[in-house]
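Have the sequence and the 3D view ready, and let us take a short walk through this protein together.

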Amino acid sequence: LSSNIALQSIQALSGIRGAFTGALTITDNPSLTTLDGLQGVEGLGKNSAGNSLYLSSNIALQSIQALSGIRGAFTGALTITDNPSLTTLDGLQGVEGLGKNSAGNSLYLSSNIAL
């Protein structure tokens with residue numbers, strides 16, 4: 001999900017169940033406040049850059065609690081950058097391990113000023 005200026009909700013994705021074979025990438029969605037709708041996601045693969053979860057530049061994003069269904073290890077990295085309204089990482093408690101991305105990072109958190 002990238003560069004959707006007016007996107008406020010992804011609740012319509014609530015029918016998705018199980019693990020993704022690729023990454024979950026959510027970037028540049030300035031009106032999105034939560035990830036509600038992704039509660040059925042149970043695992044993530046990775047993309048060509050080696051990220052399993054990539055959240056960046058979602059200025060209104062306050063909660064990732066909807067990711068609480070994810071269990072086990074990511075094959076790629078966890079990258080969360082430039083989400084100034086995000087106050088907690090609650091929702092990621094089920095993640096048990098991380099792979100790494102092409103930059104060699106397993107966990108990269110940057111410029112999330114409310115964390």
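L55 stands opposite I80, a residue of strand 6. Keep in mind as you look that this is a predicted model. L55 also has a partner in another strand: I26 is bridged to L55 in strand 4.

Strand 2, residues 24-27, pairs with strand 4 in the parallel sense, over 4 bridges. Strand 6, residues 77-81, runs parallel to strand 4 as well, and 5 bridges join the two. Here is a pattern to remember when you look at any sheet: side chains in a regular strand alternate between the two faces of the sheet.

How many of the 6 residues of strand 4 are buried? The count is 5, so strand 4, which spans residues 51-56, is mostly covered, with buried taken to mean under 20% relative accessible area.

Next, look at what surrounds L55. Leaving aside residues up to four places away in sequence, L55 touches I26, L35, L61, I64, T79, I80, T81 and N83. You can pick out both bridge partners in that list: I26 and I80.

L55 also has a place in the largest nonpolar core, which has 21 residues. Which residues touch the most other members of this core? They are L35, L38, L53, L55, I64, L67 and L92. Strand 2, strand 4 and strand 6 each supply at least two residues of this core.

Let us move to the surface. There, L1, L13 and I16 form a nonpolar patch, and together they have about 200 Å² of accessible area. I16 lies in the segment before strand 1. I16 counts as partly exposed because its relative accessibility is 31%, which falls between the 20% limit for buried and the 50% limit for exposed.

Finally, check the backbone. Most residues other than glycine have a negative phi. S3 has a positive phi although it is not a glycine, and S111 is another non-glycine residue with a positive value. The table puts these two serines side by side.

| Residue | Phi | Place | Relative accessibility |

Conventions:
Residues are numbered from 1 along each chain as its sequence is written. This is a predicted model: local features need pLDDT of at least 70, side-chain atom pairs count only at pLDDT 80 or more; totals for chains, interfaces and linings use all residues. Side-chain values use heavy atoms; hydrogens and water are left out. Buried means under 20% relative accessible area, exposed over 50%, partly exposed in between (1.4 Å probe, protein chains only). Two strands pair if DSSP finds at least two bridges between them. Patches are made of residues with over 30% relative accessible area and no salt bridge: like charges are joined within 9 Å, nonpolar side chains (Val, Leu, Ile, Met, Phe, Trp, Tyr) within 5 Å. Accessible areas come from the Shrake-Rupley method with a 1.4 Å probe; for residues, only the protein chains shown count as cover. A salt bridge is a side-chain nitrogen of Lys or Arg within 4 Å of a carboxyl oxygen of Asp or Glu. A nonpolar core is a set of buried Ala, Val, Leu, Ile, Met, Phe, Trp, Tyr and Cys residues joined through side-chain atoms within 4.5 Å. Contact means heavy atoms within 4.5 Å.
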